Amino acid sequence: MASTKKTEVGAAPDPAASLRRQRVRWGEKLIFVVLVLCALVSVVTTIGIVVALVSPTIDFFQQVPIWRFFSTEEWAPTFEPAMFGVWPVVVGTFNVTFWALVIAVPCGLGAAIFMSEYASERVRKVVKPTLEVLEGIPTVAYGFFALTFVTPLLRDNWPSFLGEPPGIFSAGSAGIVLGIMIIPTVASIAEDAMHSVPNSLRQGAYALGSTKRQVALKVVVPAALSGIVAAFVLGISRAVGETMVVLLAAGNTPNLTISPVESIQTMTAFIANTATGDIGVGTLKYNTIFAVGSLLFIITFTMNYFAARVVRRYREAYD
Amino acid sequence: MDEQPDKTSTADPAAEPAVAPPPAPAPEPVAAPGPGAPSAEVLKAEQLSVYYGPKLAVQGVDMTIPTNNIVALIGPSGCGKSTILRCYNRMNDLVKTARIEGKVLYHGADLYSSHVDPVEVRKHIGMVFQQPNPFPKSIYDNIAFGPRVLRMKVDMDEVVERCLHQAALWDEVKDRLKQSALGLSGGQQQRLCIARALATSPDVLLMDEPCSALDPVATARIEDLMQELRKLYTIVIVTHNMQQAIRVADRTAFFTVEVPSDGDRYGVLAEFGDTDQVFNNPIDERTKRYVSGEFG
Ligand SMILES: Nc1ncnc2c1ncn2[C@@H]1O[C@H](COP(=O)(O)OP(=O)(O)O)[C@@H](O)[C@H]1O
Ligand SMILES: [Mg+2]
């Protein structure tokens, strides 16, 4: 490299010579390497997670047969006698996720339609970043919001024809707040999909005598459908993986139910609750956390994978 | 590229009941320009000026469009052809800043009167755009879209078949009606868009450079098609192609740009007359220069 430096110093006023590569652009190379490393961080982490999960999970299934994991109905891995039927926490997760979707599907879609089709450009420029800021609110804040605001609200105003009101800890309260929490994610991604529907389609529909509502619901939403579905799947993944809200508001009672009024435990809540400092590495309790973690990983990974495929397909349709 | 079967099947001007293609009659479009009630002047602009925000785009257009005619709007780009065309079905309402002065009459009724619903206007006056813009739905659903949003009580299969016949597309797509319209070629897509516009039984078709994205073969098909359609509909077409205007139009409107010394340029209607006269015997100096190719 010393020789290149020399060329630089002795650069003659010869025009052809001035075109020669004068030195290696170390800055460029450095940036390239840094950027590649950045990209690798997430890939390596994913691989690392899988590796870290695999070995304790295998240990777990050597101690607890896989059929017992999936075909018994009681989840009490930390009690004596320990029970390892995983369904209560899986169903608990989907219980909360279901109620989250009951809130997030209509609100997220409504917000997306409003921003994309009804809001003026000025309103949109304010609302969209605001929604995206909401994504950054710490989830523990949502947890306390559920516990101290939504739960009392539900308990005090529970219509009697719906039966027993929810308890202090309930799947419904946690689910509703999770739903509110993922509205920004869902709305923002769905809005992106709807916004990228070409204007020529809207014009075509208007020219056929459509009203604004018909343009939105019969042209824009169907055209953006795969993007909208992807938005929901990503929202579901967030809800499934969320820990703080369910830990605080849904209780911690493994419970094979889809009722919103009961206390339940989710997979994440189980993990967070069990992974305390005094847990011994290599114990069955320890391995259980990893087995549940693996299952959670597989569930969210599968959903994200399909969401990504759907998103890719809808991109191809319009680019 | 044999147009013959389409031509004979699409319409026969001599015998009205036989107008329709095989399946069933096409009552509405035939009835519209019939003798009596509807005027011979379908559309009429009176001192029509259009502004975008404070900026004048086109000034003082007087133009009458007779029934069952093809009227071509020609002129250099930016002279306001699309702007004027979009006044006829109030598509300019979709541009927030757009504003008009003057009048646009449809069978004598003011389209911009306060109790006219622009959505209703577009039921009667269809539009075909420069770029084919089929919906990402099946061929069938594309054509059924208009009748469905308008809740027209029609036999949908019959409408789809009739419109595809009228747009000379039936033979090419009859076996793939349920497939996506996005799989059609550009020329087929544009004919699908024409068929789609016909499905709501309008009596005017506005076309904004419908062939500019198409190759010459597809263009020739659309031009043939227009000749068939003019028996049933009134057509206003914007084109940048003077040869096309000569080939298809009964009457031609030539727009040009005024460049006042002290302000912004705006479009005006320089000449409007029979196509033959406008191209061979123009009265206006600017038209003369433009049609002879001297215009800058
Ligand atoms: N949506 C719009 N907003 C502002 N100005 C416009 C808009 N559409 C057209 N114009 C202006 O109006 C004039 C006429 O445009 P247009 O009708 O598209 O001309 P043409 O179709 O003859 O090329 C041009 O100066 C153009 O810049
Ligand atoms: Mg134009």
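This is a predicted model: local features need pLDDT of at least 70, side-chain atom pairs count only at pLDDT 80 or more; totals for chains, interfaces and linings use all residues.
## About the model

Local features need pLDDT of at least 70 and side-chain atom pairs count only at pLDDT 80 or more, while totals for chains, interfaces and linings use all residues. Residues are numbered from 1 along each chain, chains are lettered from A and ligands numbered from 1 in the order written, and side-chain values use heavy atoms, without hydrogens and water.

## Around ligand 1

Let's start with the shell, meaning residues with a heavy atom within 4 Å of the ligand. Among them are Y52(B), K55(B), A57(B), S77(B) and V95(B). By type, the shell divides into four nonpolar, five polar (Gly counts here) and two charged residues. Helix 3 (81-88) and strand 2 (55-66) of chain B each supply at least two of its residues; the largest share, three residues, comes from helix 3.

Which side chain has an N or O atom 2.7 Å from an oxygen atom of ligand 1? That is S82(B). Backbone N or O atoms also lie by ligand oxygens, at 2.9 Å for K81(B) and 3.4 Å for C79(B). The protein buries 62% of the 560 Å² that ligand 1 exposes when taken alone.

## Two loop residues with positive phi

Most residues other than glycine have a negative phi. H107(B), not a glycine, has a positive phi of about 50°, and sits in the loop between strand 4 (98-106) and strand 5 (109-110).

Note on methods. Helices (H or I, at least four residues) and strands (E, at least two) are DSSP runs, numbered from the N terminus. A polar contact is a pair of N or O atoms within 3.5 Å; within protein, one must be able to donate a hydrogen and the other to accept it, and residues adjacent in sequence count only if both atoms are side-chain atoms. Accessible areas come from the Shrake-Rupley method with a 1.4 Å probe; for residues, only the protein chains shown count as cover.
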